[in-house]
Amino acid sequence: MMVQTSGQKILINDQKTAVPLIAFKDINKIYGEGEARVHALNAINLNIYTGEFVAIMGPSGSGKSTAMNIIGCLDSPTSGVYEFEGIEVGNLNRYQRALLRRNYLGFVFQGYNLLARTSALENVELPLIYKGIARDERRQRALEALDKMGLKGREEHTPSQLSGGQQQRVAIARAIVTRPNVILADEPTGNLDTERSKEIMEILKKLNEDDGITILMVTHEPELAVYANRHIDFRDGIIESDSQCKREG
Amino acid sequence: MFFETLRLAIQAIISNTMRSFLTVLGVIIGVAAVISMVTVGQGSTDQVEANVASLGTNLLMISSGRGGGPNSAGGGGTSFKLKDVDAIEDQIAKIQSAAPSSSSQVQVIFGNNNYSSSIVGTDNRYFIVRDWDLSSGREFYESEIRSGTSVCLLGQTIREELFGSGNPLGETIRLKNASCKIIGVLEEKGASSFGNDQDNVILMPIKAFHRRIAGNQDVTMIYATVRDGISTDKAKTEIENLLRERRRITTDEEDDFDVRDMKQMATMMTSVTGVLTGLLSSVAAVSLLVGGIGIMNIMLVSVTERTREIGIRLAVGASEQQVLMQFLVEAVVLSIIGGVLGIVLGLLLAYAGSIWLSIPFSPSLSIILYAFLFSAVVGIVFGYFPARRAARLNPIDALRYQ
Ligand SMILES: Nc1ncnc2c1ncn2[C@@H]1O[C@H](COP(=O)(O)OP(=O)(O)O)[C@@H](O)[C@H]1O
Ligand SMILES: [Mg+2]
């Protein structure tokens, strides 16, 4: 159902029903073989519901990124079942997974991953081109998204002409311009100072509260995790703790 | 959707100016080299064919000795005598006319000017067999031919060198130990197929040549024209039989002379231009290779960046097909730009070359099409296939590509 092309997406479930937005059932991810074998995710079970703001924490190498990439359909698990809105992602073909990324997911990476030598506006327009949105509407929506990120007047700047914080805000604009259900942010503030980091967190919080976008964010810093309402701790490929918490700030 | 893909491709081309420029440059070098080389090669072949045709297809060249070119004095065999020339003309009905020719390279002096030229001893039949007219003056008188009077006709080159714009008729020039009065000037003939200047020539009665220049009675070459509508092969056989008889060659001995017709000359010269064309083609092939390697290099150098770019596109929701279509369009656009510029440049170079070498400008549509096809293939192979590999990776592997 969700593999229908552009435009209307069909939300089959929301928080009221028992079916989670994202469900991991015994997910394993193993890299390499023999000596180099790494069990990055070890029989992970996890449910995430629409509207949550989840902070994923844990030491380096504990499997956080691996989990995020599987959720984002950028990678596949070695075994186990991953369901998105109740649909088993492992049964989708490459094209259907592209549609899932296109219509439901938005990514924010630690390294921004913007197209070099390409203007902020064109970077933000990019997902809408693949969605088949007509030129005028596309431009309009990209300008709005950039405006929302406080980047008015920076539309024609290329990444190299923008600061790290500005680049990350362009990346967030690109992630939200398609109005996704979920934003996956893997250490979005990893390259930014405290001030810039807090700005980004405020933006994510606002997207979560005002637009109802589910947010999964990996972070190392406890003072940023407080923006989330659920904390999940990874250690050696398993979930060490998972707690709901009251949001502050 | 196609226009969106085209837009994406053009956006990618523009945002990677240097890479796009180098790719286009590679295509230009390859295509321009092939077109210019092949066009020049074709031009020289056409030139040779035109020259052969201008010599006349009914001309036979008879030289003493074996295997010499048309201008060689021939080694080995005894030279012909004037009687041989008359015998060929009189005894073989198939022959319309035969002219003797003996030549020598001599320093020619007039006033303060001097110039090295080829002196040819012959008679009036030479004008017929060589199909050569006079631009001024007169042919030899019979009496001058019979007594070997020292009179001469100038080719256009030597006339220009010695007299410039002055009138040479009636003047006397010095050749070696002889002096010679000018009675006529030949029309311009141009370069021969072998590239030597046929207009740097002085004609004098062969008896005068024998007495004053050569010091012998030899005829090194006989030009003969076959009557219209008669097979040159048959005339050739008759000449060979006659000469074998006159030179007392027994049936088990080989000819010590050589009769060539223009067909053989044409084959000989085409083989020369064939070598030339082969040489040019291999230079062109090397240029193609250089252009291709250039493109390959750029693509390999940029493969990391491009793979990451593909990862980004996949992450924001592009399908494999959308990415591939964009890269294909990008490769084709670059190839077409490079191909068109390469064709223009190649034709310009070929045109300049044809003027410089004074050969015809013979562009061929098929080679232009081949070159264009080549550029498209190179662009697609080096632009599209690496992209296809990247687009088939897991998006995360493309994003993290080192
Ligand atoms: N592509 C890969 N190939 C091999 N091992 C990998 C790869 N990606 C991650 N790993 C390993 O998997 C484990 C988890 O990695 P990751 O999920 O990136 O950790 P985190 O994001 O929590 O720092 C680490 O031991 C890491 O070395
Ligand atoms: Mg990580």
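Trainee: How many salt bridges does the rule find across the interface of chain B and chain A?

Mentor: Three salt bridges are found there. A word on the source: this is a predicted model, where local features need pLDDT of at least 70, side-chain atom pairs count only at pLDDT 80 or more, and totals for chains, interfaces and linings use all residues. Residues are numbered from 1 along each chain as its sequence is written, chains are lettered from A and ligands numbered from 1 in the order in which they are written, and side-chain values use heavy atoms, with hydrogens and water left out.

Trainee: What makes B:E4 and A:R138 a salt bridge?

Mentor: The term requires a side-chain nitrogen of Lys or Arg within 4 Å of a carboxyl oxygen of Asp or Glu. The closest N and O atoms of B:E4 and A:R138 are 3.1 Å apart, so the pair meets the rule.

Trainee: How many residues of each chain are in contact?

Mentor: Contact means heavy atoms within 4.5 Å, and 29 residues of chain B are in contact with 28 of chain A. The two chains bury about 2,500 Å² between them, 51% of it on carbon and sulfur atoms; this is the accessible area (1.4 Å probe) lost on being put together, summed over both parts. B:R7, B:I312 and B:V316 supply 22% of the area that chain B buries against chain A, more than any other three residues.

Trainee: Why does A:L100 count as buried?

Mentor: Buried means under 20% relative accessible area, exposed over 50% and partly exposed in between (1.4 Å probe, protein chains only). A:L100 has 1% relative accessibility, so it counts as buried. Its place is in helix α2 (residues 94–104) of chain A; helices (H or I, at least four residues) and strands (E, at least two) are DSSP runs, numbered from the N terminus.

Trainee: How do you know that β1 and β4 of chain A pair?

Mentor: Two strands pair if DSSP finds at least two bridges between them. β1 (residues 22–31) and β4 (residues 79–84) of chain A have five, in the antiparallel sense, so they qualify.
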